[in-house]
Amino acid sequence: MARQLCSSIFKRPTTTFVFIILLCILGLYTFDSPLSHTKKMTQEPTKKIIHFHDTFLSLSSNYTVAEYLHSLTIHSHLAGTREGYQTAQYVKTHFENLGLETKVSEYKVLLSYPVHLSLTAHFSNLGTREIGFPEVGFDVVRPYHAYSPSGMAVGMALYVNYGREEDYHVLEVAGVNASGCVVVVRRGGGMSRGGVVREAEVRGAVAVLTYTEGEYAKGVERGTVMKGLGDPLSPGWGSVVEGGERLKRGDKDVEDRFPKIPSMPISLETAQVILRSLEGPRGPQEWEDTLKNNGVRIGPGPTLLNFTYQGEEKSATIHDVFAVIRGSEEPDRYVLLGNHRDAWTFGAVDPNSGTAALLDVARRYAFLMRLGWRPRRTIILCSWDAEEFGMIGSTEWVEENIMNLGSRAVAYLNVDCAVQGPGLFVSTTPQLDDLLIDITKKVKDPDAGDKTIFEQWTARNKGINIQRLSGVDSDFAPFLQHIGVPSVDIYYGKDFPVYHSAFDSYDWMITHGDPLFHRHVAVAGLWGLLALRLAEDPILPFNYRSYALQLQEYTSSLSNMLEGRASITPIITSIKNLLAVAQEVGEEAKKLSVSGASIDTGVLMRRMLNDRLMLAERGLLDADGLQGNQWFKHLVYGPSSNYESKLGFFPSLADAMSHSTQTKRGNQPTIQHEIWRVARAIQRAADALKGDLN
């Protein structure tokens, strides 16, 4: 029938001419319609973007990453030293040679270094022995605790397990008092170094020795004992080199950040010698890991320890180095990739496995730029200084740029120790879960080349295992916990036995950590592709429904722990509101993705939606911050002041509940107030996401 119709039409010249004219008019309308333009404009860039993403992944080179890491780890490079500055110059030169816009921010900060350390043990049956320090022959700083006060102490050795409050309660039950003792503490148990020293100080100890245990533990773990983040002389504002305010070292706010008794790290071998010489009551069985269940007595004594530490605090200049790739359409929106560069020693794992990955991401981006690529939004590659002293470089930069970052930062993507061993570990804020999962499906697994990272990751964990960012573990802390920027932290390997020691070297990496550098390549692929999606997707790939569902899970756990002591109805109500808005926004994003609106209108509508998606996380901040730790503003993810808290979320509420338990008083009004504070924060996030005034 159709053939007959066409045949009859084309037999008549006049009819044929009219038919052709109609086709042309329809064709012109189709090609010139706004909907057609929109489809063409979205389809073509999408194909081009996918091509650039595929090219980015194809540019991986384990040889190149290995070369970067080798160059970074030739010398130790502690922040504030000549070698630290040389490493900054290496990164800066790398960015410049790639043709990237390169910037350096300098800050004048208070750092701490060792001058003299000694430890002598007086054994009851072996006489006096001066304890030497391992890691002989390495050109590295001696094992020490940054910001430990100088001092000399003599006291009986006393083993206090992890140095927690509950451990001292065990001692009290056994009739043992820590007053006047030099306490020996194993690292772990949720305690920070500074927390261990402060707890010992409260108990009357005169000094602290810490050690790291483990079957393959090697060397001595350095670290900081300062409380809080950033330069201690400029709390809350950037410590610029010229013209900035600085507190006096003796100011109370500064003094409160440092412990009052000296401390230093020792090796596992030294700890075993001391612990095996102790007498007194036996500790609980769970305290015996160090001696491989051979039994342990806790002291005090009869071994007497003579401890001396002399340190030096210096005002030093540190350098944050940046490469900036300006966005073509939204240059005032920033996607940030960050890694710290400074190390206690050679830093092959911590942090320069991440630095090598950052340099490789920069190399790949520069290659894409030569092919004509530009991101929609600005990408900033950040190389931080002085992280090991307390996230100082990143914190100072965030504090200096707080207004612009607060209004323009889309996300912060952190990689510290890129490779510690096998297995992917990821922590994110929940709105990024779906994006992260999608990216893992596009990158080959480093330990099973025929599978994707997603396949291996889910098989290893028997499902998807994404952690959260409540800890103060790396440079994501100032971005998320101070100014509310959605954040990610990525690494391979749960931990490693040469942490913060002289054995964290290139040799260890090629022997144990990642001999073929395939894991480095995988991290660079994940990291760089994640940034490309955040910088290029017309609508930000944030799913706040995931956030609301995660908060519902938290509320269920909270309800069980409260046991009816307070009403969580305000939080439940706010979460319901957030979930409803998140679903509406999801539908809005779908409609905008296929919208037939004019080009200008579509761009404006997407921009408005993206701003709401970007700013919703800021709603979870509270101006008053966490009680006793006001610098931390985030009421869902942040550090609890109580290491024993079983809540890994709602830190201000967790602290109120812990205080109630410790004082054995109901404390119901304070708990209820913190519930309301959390509820208001979640409602603020919902309001920001909705975008309308109430």
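1. D167 is buried (under 20% relative accessible area, where over 50% is exposed and the range in between partly exposed, with a 1.4 Å probe and protein chains only), because its relative accessibility is 2%. R164, with which D167 forms a salt bridge at 3.1 Å between the closest N and O atoms, also counts as buried, at 15% relative accessibility. A salt bridge here is a side-chain nitrogen of Lys or Arg within 4 Å of a carboxyl oxygen of Asp or Glu, and by this rule the count comes to 35.

2. This is a predicted model, in which local features need pLDDT of at least 70 and side-chain atom pairs count only at pLDDT 80 or more, while totals for chains, interfaces and linings use all residues. Residues are numbered from 1 along each chain as its sequence is written, and side-chain values use heavy atoms, with hydrogens and water left out.

3. The side chains of R607 and D332 meet in a salt bridge of 2.7 Å, N to O. This pair links distant parts of the chain, 275 residues apart, with R607 in helix α20 and D332 in strand β10; helices (H or I, at least four residues) and strands (E, at least two) are DSSP runs numbered from the N terminus. R607 is partly exposed at 22% relative accessibility, and D332 is partly exposed at 24%. Both belong to a salt-bridge network that also includes E330, R333, R377 and D611.

4. R519 forms a salt bridge with D447, the closest N and O atoms being 3.2 Å apart. R519 lies in helix α17 and D447 in the loop between β14 and β15, so the pair ties together parts 72 residues apart in sequence. R519 is buried, at 12%, whereas D447 is partly exposed, at 43%.
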